[in-house]
Amino acid sequence: MRATSAVLTALTALSAYYVYSPLPSTVSEPWKLMLLDATFRCAQDLSNLAHYFGFSHHLRVLNFVSSYFDKLDPVSSEHLKVTDTVFDGVEVRIFEPKRGFDKNLKKAIVYIHGGGWALGSARMRSYDSLCRKISEDVNAVVVSIEYRLVPDVHFPEQLNDALAATKYFLLPEVLAEYSIDPLRIAVSGDSAGGNLAAAVCQQLALDSSVTTKVKLQALIYPVLQVLDFNTPSYQQNMDMPILSRFVMIKFWLDYLNGSHSFAHSMLVNNHTSLDLSETISLRELLNWNSLLPPSFKKNYKPVLQSQGTDKIISEVPALLDLRASPLIAKKESLQLLPKTYILTCEHDVLRDDGTMYAKRLEEAGVDVTHDHYEDGFHGCMLFATWPTYFSVGARTRDGYVKWLNENL
Ligand SMILES: *[C@@H]1O[C@H](CO)[C@@H](O)[C@H](O)[C@H]1NC(C)=O
Ligand SMILES: *[C@@H]1O[C@H](CO)[C@@H](O)[C@H](O)[C@H]1NC(C)=O
């Protein structure tokens with residue numbers, strides 16, 4: 001009896017320790033977020049364990065577990081026709097509203113899901129329901145792209161998939177097949193999907209073979225650069241759930257097919273030090289001292305090493321590729337981009353990626369709406385329904401839908 005209670009006490013203490021992570025009181029529903037974070041960490045730890053014992057790649061395990069419980073068939077409803085099909089070799093899930101069209105052409109949104117280029121799926125419950133909601137509320141056709149993931153493919157394949165599917169959809173004959181108005185098309189995505197959406201829009205703007213112009217881009221807490229892991233938001237939120245700085249760096253290294261052994265050097269910006277001539281001009285394009293407002297900069301100091309680790313750039317040259325870091329595109333390219341919506345969250349390492357992009361686009365003359373959520377955390381827009389309801393989740397989603405309704 002006594003032994004059982006001792007074990008129980010120990011287990012309780014252990015799980016409390018596992019669950020408890022101090023969070024600022026300004027974040028939306030901190031206790032719920034701690035629980036959510038503990039669930040994710042537990043899944044991560046278990047998949048790392050499986051990886052360690054040689055069962056499978058940890059990302060494959062994680063993806064298997066999440067999709068096994070969570071992948072949905074395309075189910076139509078009273079309001080929506082939902083189908084899975086293939087666009088130029090890339091799988092997509094299409095949500096078509098049934099009501100109120102007759103002879104009118106429809107609006108469309110190309111949606112690219114998040115998950116660190118390694119996780120998530122257009123078929124996953126969370127993205128399936130988000131796209132249903134967007135499709136119904138905006139009354140638009142949503143094309144959700146099922147691009148291939150790490151570890152099956154690395155950069156630039158995820159982008160190539162997203163770009164190929166989008167370009168196929170933009171072909172006049174395909175738009176006609178779905179009765180889409182070519183003047184009312186948006187490209188959107190969250191997190192790593194926001195990175196792909198931003199890169200897709202930049203590539204499309206430069207591609208003279210594409211005759212249909214995208215009207216809007218909408219980026220939800222996007223990842224936009226891999227050169228500075230010490231922006232004020234990376235410093236402020238380095239241990240914030242559900243995306244810590246170290247986990248973000250590992251997602252980047254997996255995407256760019258670099259060794260995890262570089263992660264600690266990249267933490268101190270050793271990959272973009274002053275002795276590496278290639279990186280100096282690029283770092284200037286994301287000089288947060290001039291791009292961020294004082295309320296974001298606070299007292300954080302830039303981290304610029306005079307000497308770094310040159311091996312990193314030579315082994316992972318994609319670190320300098322603007323298709324991976326849309327934030328470092330030249331002003332001349334940014335000028336070609338469509339009207340933009342950017343959503344950022346205060347408690348997110350990626351807050352400043354999105355904020356700097358909003359500023360650079362504005363400086364290039366693009367019409368930008370930047371919505372910043374003071375109590376938001378990374379990924380919150382997916383948590384807008386029971387059992388993982390957060391008020392900030394519902395507010396971010398509703399604000400995004402409202403902007404699409406007003407602008408598409
Ligand atoms: C990724 O890196 C590994 C090890 O460096 C290499 O063997 C492999 O060919 C690379 N894969 C791609 C797609 O570049
Ligand atoms: C960063 O680079 C310097 C100079 O090469 C080196 O001394 C230092 O150990 C590196 N730091 C990390 C964390 O790799």
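Let's start at Lys-298, which is partly exposed, because its relative accessible area is 43%; for that I'm using under 20% as buried, over 50% as exposed and partly exposed in between, with a 1.4 Å probe and protein chains only. Quick caveat: this is a predicted model, so local features need pLDDT of at least 70 and side-chain atom pairs count only at pLDDT 80 or more, while totals for chains, interfaces and linings use all residues. Residues are numbered from 1 along each chain as its sequence is written, chains are lettered from A and ligands numbered from 1 in the order in which they are written, and side-chain values use heavy atoms, with hydrogens and water left out.

So who does Lys-298 pair with? It makes a salt bridge with Glu-346, the closest N and O atoms sitting 3.5 Å apart. By salt bridge I mean a side-chain nitrogen of Lys or Arg within 4 Å of a carboxyl oxygen of Asp or Glu. Glu-346, at 8% relative accessibility, counts as buried.

In total the structure holds 22 salt bridges. Helices (H or I, at least four residues) and strands (E, at least two) are DSSP runs, numbered from the N terminus.

Another one is Asp-367 with Lys-339, closest N and O atoms 3.8 Å apart. Here Asp-367 lies in the loop between α16 (351-363) and β8 (368-377), and Lys-339 in strand β7, 28 residues apart. Asp-367 is partly exposed at 45%, and Lys-339 is partly exposed at 29%.

For a local case, take Lys-402 and Glu-406, at 3.4 Å between the closest N and O atoms. Both lie in helix α17 (residues 391-407), 4 residues apart, about one turn of the helix.

Now the domains. Domain 1 is 80-225 + 326-407 and domain 2 is 232-320, with bounds from an automatic or database domain assignment. About 2,800 Å² is buried between domain 1 and domain 2, and carbon and sulfur atoms give 70% of that; buried area here is the accessible area (1.4 Å probe) that two parts lose on being put together, summed over both. On the domain 1 side, Phe-155, Ile-328 and Val-349 lose the most area to domain 2, together 24% of what that side buries.
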